[in-house]
Amino acid sequence: MTSNKKDPVLVILQMTGAYDALNTFIPYSDPHYPDYRPVLQISPEDVLAVDDKVGFHPAMAPLKELYDEGKVAVMQGIGYPNPIRSHFRSLDIWHTAEPEKMVTDGWLGKAIRDLDPDKENILTAVNFGRGLPRALAAPGVSVASVGDLASYGVLTGIDGEEQRMDALDIFGRMYSPLIGSGAVNDYLSQTGLDALRGADILRTAPEIYSSGVEYGGSPFAQWLKNIAQVHLADFGTRVLYTGVNPGTFDTHANQNITFPKLWGDVTNAISDFYQDLKEHNANEEVVMLLFTEFGRRVKENGSGTDHGSGGVAFVIGDAVKGGLYGEYPSLEPEKLDEGDLRWNNDFRSTYATLLEQWMGLDANPVLGGTYEQFDLIK
Amino acid sequence: MADNDIALMAHLMRRAGFGAQYEELEARAARGYETAVEELLHPEDHSNGMDLDLAERCFIEWNHFIRCVPEYIAWRMINSRNQLEEKMVLFWHGILCTADSKTQSYVTSQAELDMLRRRGMGNFRDLLLEISRDPAMVYFLDNCLSHKDAINENYGRELLELFSMGVGMDGEFNYTEDDVKECARAFTGWTIANGIPGQPYGRYSAQFVYNPEDHDEGEKTFLGHTGNFNGEDIIDIICQQPATARFISRHLYSFFVADEAQVPSWMNTPPRDPDTIKLLEEEYFRSGYDIRSMLRVLFNSDAFKDARFSRIKGPIETVIGTLRLVGDWNTPKPGFESIFDEMKHMGQEILNPPSVEGWHTGKEWIDGGTLVRRINFIADYVGDVSYPGIQDIVQKLAAEGPTISPEGLVEGCLRLLGHYELADETHQMLVEHARKSGELPTNTREFPDQVGNMLQMIVATKEYLYA
């Protein structure tokens, strides 16, 4: 296993549920904004303005601080052709980078294959959360998926070290792929073997970690802490993935109550994570992409917002040239797309930029085409 | 009795229930397969065999269902003899989803799951009507916030996309965005009294209320029909759709027969067994949308009987099945909560599907984290020979003779776990493992642990991930 601390690392933060772009990055001086949002509007004086047009939601102060330090690129008007307002399908599109048809391979799965073609490191990618996102799935690609870093290990309940080693030896052989047993069994085999090998390595990460940063208690904050632990343990991990539970940002109702709390928790955790990296002199090694599956309806429903399109994403890190990218979609009624923000910034441009300029990969085979890139990596 | 009959019964009970110990399999198989199927299909004719009074005295919170509702549901899954009735609760709970993470009211979730139990094998139209009036659902999908002058589309959309028709079929969309809006209009005024989050004053049960003042009385055009539709009319139109027959049939097939592709891909991915799906679709219309009739056709089909070990068990099936196998939680005792952490870390929590889309199934249950958790959980249980179900297995093997061969040990454990079948290579590895200890005397103090060790190895196999 080769490990070079200076290899660029990508951390993906998936804000599942579809956060409301309009109230996340707010066009506060647009005269249409208060009309669309009689209840949910954020008053101009509360917006954390970045210029005379747009600014962050007040609950996102930790992210605004990073923005002010020039470390946050705001990807305005991000979306994909023919927007679909189903959580499931839309996430699938973000995961596979393929809006036209259903495919099974994830964009990061393919990137991981290119990062580690000979599968030298089973920890090239690590996911924290319940279940593996499709973004990380590709045939032959191993990704460790961890719910709780502290208790990760196979057959931990077998009494006696010798007996357990014997059992693990058989386990390893039982999970060796059998020829002709089918794709699902091959997947199970590989998952079993990788879990076996990965667990022994991963378990050491919390032991060698120490930090003055105290993370919040939410699962997202704890997973970001785990990400810091794994990165700082120097396993050669290049892609780390986590997020909030599905549906979290799905604010059809009572958005004024839930939405600020969510952004407060999330941006505090991101800020803690950044500070943690900084404390360990690792802040230049990591770039984060924070995204959601789609934006929400421009016109509120009186208490929340329904499914829409045209969103906003954020790329965060020392290596990032902070600022605004893409165009803020027009709020003119006739320029909306069936009542939604009209996207102008294909999400695959951001993917291509991160893959080529940050990770040093050829984006074309991963994304199945060439997309215009932003000049956002230093 | 032929081993074949018991193996088939083990299959039926894994699918139409949460598995069963060997003696129960023998007893059910002795009555004949078709009779056993009818018993499962007609819980109203059979005692569920549970002493809920005793349980309620020990779990006093159950009395008002203010807490412990997952425990109550799990308790029934473990202990009810009417296994299919409880399995249908899980089936519908994964499709007509609400999540306690939003509703925050166990008493209302309890009412919903009782309704799913009551209606689970009845008429699909009745079920759709009840779920549309179900207080937890009305709140979960915000229909209580949909007003005639401010439509909230959430319920209208999910009713079509996730509860009845699906986005598309055979490559074509089943409905348009306009249909979604019209559907949502028809359900305006379907709301609840006693809104669910009771904080800080405690939790109240909510009731369905129809508020005609807030119902959009305008003309609506839905799936080509035009009229002043209310929710009932929309449900009638939905039930007539071939897409609905297809959608329900595929769900039944995926849950009971073999893993289908994930739901969002159904529009463009044909069923893996079109003939069986057609059989179910026909029965849906022939019976007037009767779920019990569809299940009867399904369980008696060769496609079902031949589909052994072609479905990856879900976490709830895994946990409940393990507890039934070892014979734990037949009587109340403290400490039930920890099994819900296990389910959660394996990727499935009762009353908390990750979103309205329910759980992803099949191989998506399994990743490095959930696999490790699952194997460790089952291995810890079956390796503990103090459990009555494991003692039974030990005694049955010991009763077969004074010694047991390595082959006999592997074969016997597989049989008593419910006629599991392993790939030849895996089987051979376990036999070789057993050979290290040679021919085992069955009357020694070590024998139970030797059996427990073999059971642990079996439940750690890939094959055991399947049901």
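## Helix α10 of chain A

The expected span of a helix is 1.5 Å times one less than its number of residues, where helices (H or I, at least four residues) and strands (E, at least two) are DSSP runs numbered from the N terminus. This is a predicted model, in which local features need pLDDT of at least 70, side-chain atom pairs count only at pLDDT 80 or more, and totals for chains, interfaces and linings use all residues. Residues are numbered from 1 along each chain as its sequence is written, while chains are lettered from A and ligands numbered from 1 in the order in which they are written.

Helix α10(A) has 12 residues, 347–358, and should therefore span 16 Å, which agrees with the 16 Å between its end C-alpha atoms. Nine of these 12 residues are buried, a term that requires 20 or more other C-beta atoms, placed from the backbone, within 10 Å of the residue's own; among them are Phe347(A), Tyr351(A) and Trp358(A). Just after the helix, Gly360(A) takes a positive phi of about 75 degrees.

## Met288 in strand β9

Met288(A) lies in strand β9, residues 286–291 of chain A, and is buried because 23 other C-beta atoms lie within 10 Å. Leaving aside neighbours within four places in sequence, Met288(A) is in contact (C-beta atoms, placed from the backbone, within 7 Å) with Val11(A), Leu13(A), Ile270(A), Ile316(A) and Gly317(A).

## Where chains A and B touch

The contact takes 50 residues from chain A and 43 residues from chain B. On the side of chain A that touches chain B, the largest share, 11 residues, comes from α7(A).

Notes
Two residues are in contact if their C-beta atoms, placed from the backbone, lie within 7 Å.
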